[in-house]
Amino acid sequence: MDHSNMPLQPADYAEPRCLLCGEPYGAETPVRPVPQQRIIEKMDEYMARRDYAGAEKHLLYWLQEAELGHDGRGRLMLLGELVGHYRKTGEKEKSLARGEEALALLKELDYEDSISAGTTYVNVATACSAFGAPERALELFEKAREVYEKSAQTRPQLLGGLYNNMALVCASLGRYAQAHGLYDRAMECMQRVPGGALEQAITCLNRADAVAAERGAEEGESAIAALLDEAWALLHAPDVPKDGYCAFVYEKCAPSFGYYGRFLDEDELKREAEALYERA
């Protein structure tokens, strides 16, 4: 039978398609990026309301979307957010598991020397520190430091956060001179960040704890009092945005004042935090 005049069928000219992904064999899988900025903004809304269950669902939904859309960058961002979220809610296994997943994804994407890698190292290191693995935390902080310090694109707030968290680990390991040097660098970085007073206040309170651990509360009393006074002034600096993050920091810092006997300051910060949460 002569087929020369028969019309062409799609199977005669279309590339065969993979039954699993629906794409032509040999074609690059298209990437459907998730809206990272919108995800972060919505996450801020959940945190301002202290809706931790809603925040988790939000992140897990978009992580699945990033996986389905083959969006590696989006996955990395969302894994980092989950590491931090589970650290705040005290869920050790989930936080560390997501951290290892993020580190593996860095290798898969060949991002290990990128700013994103530095941020991932800091997130996972902070979780390791919070859950009792300071040596592993310090190893990851050193990786982040190498990435951040060699890049001209590193924003000062990233360096400030790195130095502050790294100093905490050094202090926990008894490396006080190294910790104080890092706290100095953290303060210098955050002075260059608009609205960076809240992070500076946290650094002052962390440093007070380091002084107490190094010299004892009695011998270090005057230095600790000065650091608490500085932290209080920074928490109430005129340029501090009175938003959900400010409420979170006030709530986080309040017990430090109570620990050193400044109960009125502790109560005031708690009241201010509640008022900000109600407004949000």
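A residue is called buried when its relative accessible area is under 20%, exposed when that area is over 50%, and partly exposed in between (1.4 Å probe, protein chains only). Helices here are DSSP runs of H or I with at least four residues, and strands are runs of E with at least two, numbered from the N terminus.

A word on the source: this is a predicted model, in which local features need pLDDT of at least 70 and side-chain atom pairs count only at pLDDT 80 or more, while totals for chains, interfaces and linings use all residues. Residues are numbered from 1 along each chain as its sequence is written, and side-chain values use heavy atoms, with hydrogens and water left out.

Stepping back, the protein chain holds 13 helices and zero strands. Its C-alpha atoms fill a box of roughly 105 × 40 × 35 Å along the principal axes. Buried residues account for 44% of the 280 residues.

Now let us return to the inside. A nonpolar core is a set of buried Ala, Val, Leu, Ile, Met, Phe, Trp, Tyr and Cys residues joined through side-chain atoms within 4.5 Å. The largest one has 50 residues, and Leu78, Tyr121, Phe141 and Leu162 touch the most other members. Helix 8 is the biggest contributor to this core, giving nine residues. Contact means heavy atoms within 4.5 Å; beyond its neighbours within four places in sequence, Phe141 is in contact with Val122, Ala125, Thr126, Leu162, Asn165, Met166 and Val169. A second, separate core of 30 residues includes Ala197, Leu227, Cys253 and Tyr260.

Side chains of opposite charge can pair when their charged atoms come close. A salt bridge is counted when a side-chain nitrogen of Lys or Arg lies within 4 Å of a carboxyl oxygen of Asp or Glu, and the count comes to 16. Arg145 and Glu149 form one, with their closest N and O atoms 3.0 Å apart; these two residues are four apart in helix 7, about one helical turn. Arg145 counts as buried at 18% relative accessibility, whereas Glu149 is partly exposed at 40%. Glu149 also forms a salt bridge with Arg185, at 3.6 Å between the closest N and O atoms. That pair links distant parts of the chain, with Arg185 in helix 9 and Glu149 in helix 7, 36 residues apart.
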